[in-house]
Amino acid sequence: MTDECNPSEGEDHLSDELELITEACGHLPGSSQRRRCLDRLIRDIIKSGKLWKENTPYYPDALQQTWIYFANNLCEATTAKRPYDPETSRLTTWLNAYLRNRLLDFRLEEQRERAERSRRRIVSLQGVQDEETLNSIDKIEAVTDSFFYLQEILEWIEIDPNNELKSRHVRGKPQINCQVLLQRQCSSPQSLQELAKEFGCAASTLYDLLNNDCRHLLQQFCEDQGYQINIPGVYSNER
């Protein structure tokens with residue numbers, strides 16, 4: 001059989017494309033003849049430079065999904081509602097629309113994952129309470145669905161623009177302040193007993209700093225930014 005998937009040079013590119021599509025769809029799905037035509041179409045699409053490109057780590061995965069979509073829906077609607085219609089759009093336009101949607105899916109998933117990581121880091125301020133040894137932990141959780149809110153909170157703690165966080169510290173120990181305490185809790189949450197042992201002070205001292213000063217400053221920042229977040233206090237049940 002003559003390989004009709006190699007149109008002569010000099011023909012109009014659009015005519016080439018339509019001929020290849022017609023030839024591909026004239027062969028059975030999964031046949032070697034159709035695969036050859038699809039491969040030629042893919043090479044021509046890449047060579048045209050009209051396929052959407054962007055420098056993101058998930059672009060190769062989105063592109064691979066696009067070629068699968070292309071093969072499954074060019075002639076028959078296998079995973080799409082309808083197959084490709086050359087009278088509606090150019091082939092690259094059809095593929096670019098799908099490719100951009102897949103890239104958006106990856107981008108949103110990445111943002112959701114980053115938001116979840118930030119949520120676990122930022123809003124697990126820990127307080128302690130116990131009758132004698134202060135060994136029970138009561139978590140303060142401030143949860144927001146906005147990744148951008150969480151990023152701003154983390155940046156505020158890091159920058160401390162008005163030195164409010166640094167200025168609230170354990171008496172006589174300025175190195176043990178709200179900025180340090182919040183940063184430690186956000187990066188790798190530890191119990192106050194563990195932090196107290198590391199800092200060389202009583203766990204009840206850190207409890208007071210966290211529950212009074214740090215919580216108040218964090219709540220005030222959220223309110224100033226217009227965040228709908230309520231950060232409850234840590235209440236001791238000491239008898």
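Visitor: To begin with one of them, is C178 buried or exposed, and what is its relative accessible area?

Guide: Please keep in mind throughout that this is a predicted model. C178 is buried, with a relative accessible area of 0%. Its partner is C214, since the two form a disulfide in which the sulfur atoms are 2.4 Å apart, a separation that falls under the cut-off of within 2.5 Å for calling such a pair. C178 lies in helix α7, which covers residues 178–187, while C214 lies in helix α9, residues 203–225, so the pair ties together parts that are 36 residues apart in sequence. The torsion about their S-S bond is about -100°, so this disulfide is left-handed. C214 counts as buried as well, its relative accessibility being 0%.

A search of the whole structure finds two disulfides, and C25 and C75 are joined by one, with a distance from S to S of 2.0 Å. This link of C25 and C75 is left-handed, with -85° about the S-S bond. The accessibility of its two ends can be judged against the cut-off, since buried means under 20% relative accessible area and exposed means over 50%, with partly exposed in between. At 31% relative accessibility C25 is therefore partly exposed, and at 18% C75 is therefore buried.

Finally, let us turn to helix α8 and what comes just after it. Helix α8 spans residues 192–199, and L192, L195, A196 and F199 are buried in this helix. When one looks down the axis of α8, these buried residues fall within an arc of 100°, which means that they line one face of the helix. Just after α8 comes G200, whose phi is positive, at about 75°.

To return to the cysteine with which you began, C178 in helix α7 is tied to C214 in helix α9, and the relative accessible area of C178 is 0%.

Technical notes
Residues numbered from 1 in each chain as written. Predicted model: local features only at pLDDT ≥ 70, side-chain atom pairs only at ≥ 80, totals over all residues. Heavy atoms only, no water. Buried < 20%, exposed > 50% of the residue type's maximum accessible area, 1.4 Å probe, protein only. Helix = DSSP H or I, 4+ residues; strand = E, 2+ residues; numbered from the N terminus. Arc of directions from axis to C-beta.
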